Amino acid sequence: QVQLLESGGGLVQAGGSLRLSCAASGKLFRINAMGWYRQAAGKQRELVATITGGGDTNYSDSVKGRFTISRDNAKNTVTLQMNSLKPEDTAVYYCNAGVMVTIFRQSDYWGQGTQVTVSS
């Protein structure tokens, strides 16, 4: 069983920064794409940023230029550096990973979520 453990959420004022981290643990062969998604109250979960195993990144337009996603393949971790935070960034942030649990099979895993609150 693979687990994703997130850390780094909290309360910050508008214009501030936070850093989210997510570590994968358990029996796995390899991790393919990793990413961060968020869900604000009363809204659907949306993509924030993704990163492939080779380091190619993709960002939603709403965070482009403010957030940076990175990963450490040796440690099975993914990090989201969030700068210039806005109140509309307030949400529960979820880590996601496409994990090769065997050489033939990929499964999708989610973290438990971490709250990010940006005050105006």
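**Salt bridges and core**

Analyst: Arg-38 and Asp-89 form a salt bridge through their side chains, at 2.9 Å from N to O. The term denotes a side-chain nitrogen of Lys or Arg within 4 Å of a carboxyl oxygen of Asp or Glu. This is a predicted model, in which local features need pLDDT of at least 70 and side-chain atom pairs count only at pLDDT 80 or more, while totals for chains, interfaces and linings use all residues. Residues are numbered from 1 along each chain as its sequence is written, and side-chain values use heavy atoms, with hydrogens and water left out.

User: Where in the chain do Arg-38 and Asp-89 lie?

Analyst: Strands (E, at least two residues) are DSSP runs numbered from the N terminus. Arg-38 lies in strand β4 and Asp-89 in the loop between β8 and β9, 51 residues apart, and the pair thus links distant parts of the chain.

User: Is Asp-89 buried or exposed?

Analyst: Buried means under 20% relative accessible area, exposed over 50%, and partly exposed in between (1.4 Å probe, protein chains only). Asp-89 is buried, with a relative accessible area of 1%. Arg-38 also counts as buried, at 6%.

User: How many salt bridges are there by this rule?

Analyst: The count comes to four. Arg-66 and Asp-89 form one of them, at 2.8 Å from N to O. Arg-66 is in the loop between β6 (57-59) and β7, 23 residues from Asp-89, and is buried at 11% relative accessibility. Lys-64 and Asp-61 also meet in a salt bridge, at 3.2 Å from N to O; Asp-61 is exposed, with a relative accessible area of 68%.

User: Which residues are linked in a network of salt bridges?

Analyst: The network links Arg-38, Glu-46, Arg-66 and Asp-89.

User: Which residues have the most contacts inside the largest nonpolar core?

Analyst: A nonpolar core is a set of buried Ala, Val, Leu, Ile, Met, Phe, Trp, Tyr and Cys residues joined through side-chain atoms within 4.5 Å. The largest one here has 30 residues, and Trp-36, Leu-80, Met-82 and Tyr-93 have the most contacts inside it. Among the strands that each supply at least two residues of this core are β1 (2-7), β3 (18-26) and β9 (91-100). The largest share, five residues, comes from β9.

User: Which residues does Met-82 touch?

Analyst: Contact means heavy atoms within 4.5 Å. Not counting residues up to four places away in sequence, Met-82 touches Gly-16, Ser-17, Leu-18, Leu-20, Arg-66, Phe-67, Tyr-93 and Val-116.

Notes. Helices (H or I, at least four residues) and strands (E, at least two) are DSSP runs, numbered from the N terminus.
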